[in-house]
Amino acid sequence: MTISIQNIRGFSDVLPDESPAWQFVEQTFRHELERYGFDEIRLPIVEKTALFSRSIGEVTDIVEKEMYTFTDRNGDSLTLRPEGTAGCVRAALQRGLLHNAQPRLWYAGPMFRHERPQKGRYRQFHQVGAEAFGVPGPDVDAELILLSGRILRALGLRDVTLEINNLGTSETRARYRDDLIKHFQAHAEHLDDDARRRLHSNPLRILDSKNPAMAEVIASAPDLLDYMDAEAQAHFTAVRAMLEATGQAYRVNSRLVRGLDYYGSTVFEWVSEHLGAQGTVLAGGRYDALVEMMGGRATPAIGFAAGIERLVSLVEAAGSVPDKTTTQAYLIMTEPTLAQNALAIAESLRTQMPTLRVQVNMGGGSMKSQLRRADRSGAAFALILGPSEAAAGEINIKDLRGETEQYTVAIDRLPAVLSSFDSR
Ligand code: HAM
């Protein structure tokens, strides 16, 4: 059978057998973020296009070629959010969250970028992001990095490494930018088309190129860290000292520039070796100029976002997704006329046992086919109700996974009996 309408390329379904890993990743983030004083904010998926082009930057890959932009019925240019920081800053400003406060906000949800899909790279993907506003010092940089490290450890991921850099101030970046352009111009014959196009608009991004033919010209380029002024230097040194004091390992990567224009000062990425080219699982940095650029009072800020799909594939490979622990019962009836009794028993069990997962057989079927469904459901045991048991207020329990013989219990005693199954 061919299904006439299929999903859009790069837009995935998360199937039931994958959702435990998703829930594990999402719940771990939520739990740790809340422990560090972050509060959840829920943001729209669609915003005005100008919000993204202004904050992410006109000459970034995202804005130039990856946004899902459309004109709505009112003639407004709207865009499916490609990331969460812009919308979070917009909401914080518009709703007055930054007045005399240092909000710490987190969000989660789908993001959209029209990239070429491959393993670890999708057109609809999901992020959990965190943003901390109003703190200029290196302490919050270090704490956010430590928080992200804690989350990755809680997910059972060991083979992820932390890379950090400092992009300096806009003045030092401008000087560096001029020298980079000179360097790349002097070696123009080694540049690919992408690099030529970016040479004047965004030369720092050339450093990110994965093209092996450009490895040498990139390796010989000037080093951003040589341009840092004393203040940025002191900030970077302090962040590093705090990481060292807490035992957090890192690698300084002076070529780490990030793909969004709003960054300055501290930037960082957590990279896995197991994901091939799409190895960055969590990334972020400071964006001290963005709030003011968007019309607010100058407010320092720093944040990060993690890619859920990439983390899901890592936790699955690491085998760290916890098993579902709830006891599961599957209720079978020998006569369809007992449906009313079966529903009442299941309702009463759910009320008395808040963590019990119980499913009632629906759509009839022979005893054999009902037992087959019970087995497929993953249930630990079947509850079998016949007319004589129903009349006597009893039910049969059949152990589907262990050795125990089938036996009969009073329905009143079911919660106690099922709890003992739970702890075996
Ligand atoms: P980003 O580096 O563009 O930063 O994205 C963060 C993470 O989202 C990436 O490291 C990756 O794990 C995941 N990701 C990005 N694009 C895709 C894709 N096409 N498919 C699958 N996963 C993807 C930001 O978005 C910034 N807003 C982070 C931030 C928050 N900086 C400060 N605050």
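**Salt bridges, strand pairing and surface patches**

The side chains of E64 and R197 form a salt bridge with an N to O distance of 2.9 Å, the term meaning a side-chain nitrogen of Lys or Arg within 4 Å of a carboxyl oxygen of Asp or Glu. E64 belongs to helix 3 and R197 to helix 7, so this contact ties together parts that are 133 residues apart in sequence. Helices (H or I, at least four residues) and strands (E, at least two) are DSSP runs numbered from the N terminus. The model is predicted: local features need pLDDT of at least 70 and side-chain atom pairs count only at pLDDT 80 or more, while totals for chains, interfaces and linings use all residues. Residues are numbered from 1 along each chain as its sequence is written, and side-chain values use heavy atoms, with hydrogens and water left out.

E64 is partly exposed at 37% relative accessibility, and R197 is partly exposed at 40%; buried means under 20% relative accessible area, exposed over 50%, and partly exposed in between (1.4 Å probe, protein chains only). The pair is part of a network of salt bridges that links D61, E64, K65, D194, R197 and R198. Within helix 3 (residues 61-66), D61 and K65 are four residues apart, about one turn of the helix, and their side chains meet in a salt bridge of 3.8 Å, N to O. D61 is buried at 16%, whereas K65 is partly exposed at 44%. D194 lies in helix 7 (residues 193-198) and is partly exposed at 30%.

The structure holds 18 salt bridges. Another of them joins E269 and R258 at 3.1 Å, N to O. E269 is in strand 9 (residues 266-272) and R258 in the loop between strand 8 (251-252) and strand 9, so the pair ties together parts eleven residues apart in sequence. E269 is buried at 12%, and R258 is buried at 12% as well.

Strand 6 (residues 124-133) is largely enclosed by the rest of the structure, because nine of its ten residues are buried. Strand 5 (residues 104-112) runs antiparallel to strand 6 and is joined to it by nine bridges; two strands pair if DSSP finds at least two bridges between them. In this pairing, R104 stands opposite A132. Strand 6 also pairs with strand 11 (residues 301-307), in the antiparallel sense, over seven bridges, and there A130 has F304 as its bridge partner.
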